[in-house]
Amino acid sequence: MVKKWTKVVAAVAMLAMLFVVAACGSGTKKEAAKSDAPKADKKIVLGFSQVGAESEWRTANTESIKAAAKEAGIELKFSDAQQKQENQIKAIRSFIQQKVDVIAFSPVVETGWDDVLKEAKAAKIPVILTDRAIKMSSGNAEDYYVTFMGSDFVEEGKRAAKWLVDYMKKDNEPVNVVELQGTVGSAPAIDRKKGFEEVLKDHPNYKIIKSQTGDFTRAKGKEVMEAFLKSAQAEGQKIDVLFAHNDDMAIGAIQAIEEAGLKPGKDIVIVSIDGVKGAFEAMIAGKLNCTVECSPLLGPQLMEAAKDLMTGKQLPKRILTKEGVFPAEVAAKELPNRKY
Ligand code: AHR
């Protein structure tokens, strides 16, 4: 009898042990599944490499990204490249080393990203492009980023030219245009020029007589405009129009035009791109004729995209920003609504 009871107790103990082992086993499985799942519950770490602080636009873009990260509870590792590609590459490599969850950057120029983007891909860190596009020397650029959010720069160039042709109402007389280009090799400089020229092709009386980079800064815009004015005078040419790839260069050029004793906005018609407050003020003062909008307020969209990525959502390859055109006539009414 005692022997029988001993056997029953042993069997119960064995069953209990098996139950404990099974329970532990299922717990381990649950843990494994959790670590494979998208990291929706942990604080997202986002590494962002900014171009620099070259313009009013860029400052607004940086503020938008920092404020949106704070608002979204995302840890932002922010790095300012001071308009140097090598600094951006270094920053991206350090984000990879730090194993951030997402890398975002606004590429200063279009090319030269192959190696570092391959490294990010090998480390399985998703990359988001903001504001500017890239080109790879081999392979498809789209394979190296999850989404590209920002403006259509070709369209902005076209909008500037369409506004100009409508405003000038000169179909036969020659119109001499000077152009202040953005940073050499950058997507906005390449695309805005392309869009502007595409529209002017149908208006052969418009001629770009001088075109040079002002690197998207006020100081360079002023310096290059001074040189344009001097050489035009020496060559006996009249400058009718200035097309500046951003408002900051236009504002710098306005100073140069005034110092040369001319009236910006009257003697020389000026159209630029961005739509910063400084441009609206210049339009109200009658010194700038039109600004084509390019929104820098990409922060909230970027944070939303980073969160979506962490919860495993598929992002569209291209997220386009909606923008308008603001001629001087609407500047006073619009200025109070401007957010940058
Ligand atoms: O990439 C956007 C451009 O970069 C803006 O037009 C310019 O102001 C900035 O520096």
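A polar contact is a pair of N or O atoms within 3.5 Å; within protein, one must be able to donate a hydrogen and the other to accept it, and residues adjacent in sequence count only if both atoms are side-chain atoms. This is a predicted model: local features need pLDDT of at least 70, side-chain atom pairs pLDDT 80 or more, while totals for chains, interfaces and linings use all residues. Numbering runs from 1 along each chain as its sequence is written, and side-chain values use heavy atoms, without hydrogens and water.

View 1. A polar side-chain atom of aspartate 274 lies 2.6 Å from a ligand oxygen atom. For glutamate 54 the distance is 2.4 Å. For arginine 132 it is 2.8 Å.

**View 2. The shell around the ligand.** Residues with a heavy atom within 4 Å of the ligand include Trp57, Phe153, Arg192 and Asn246. The shell divides into 4 nonpolar, 2 polar and 6 charged residues.

**View 3. The ligand between two domains.** Domain 1 (45-150 + 297-321) and domain 2 (153-294) both give residues to the shell, so the ligand lies between them. The domain bounds come from an automatic or database assignment.

Key. Nonpolar A, V, L, I, M, F, W, Y, C, P; charged D, E, K, R; others polar.
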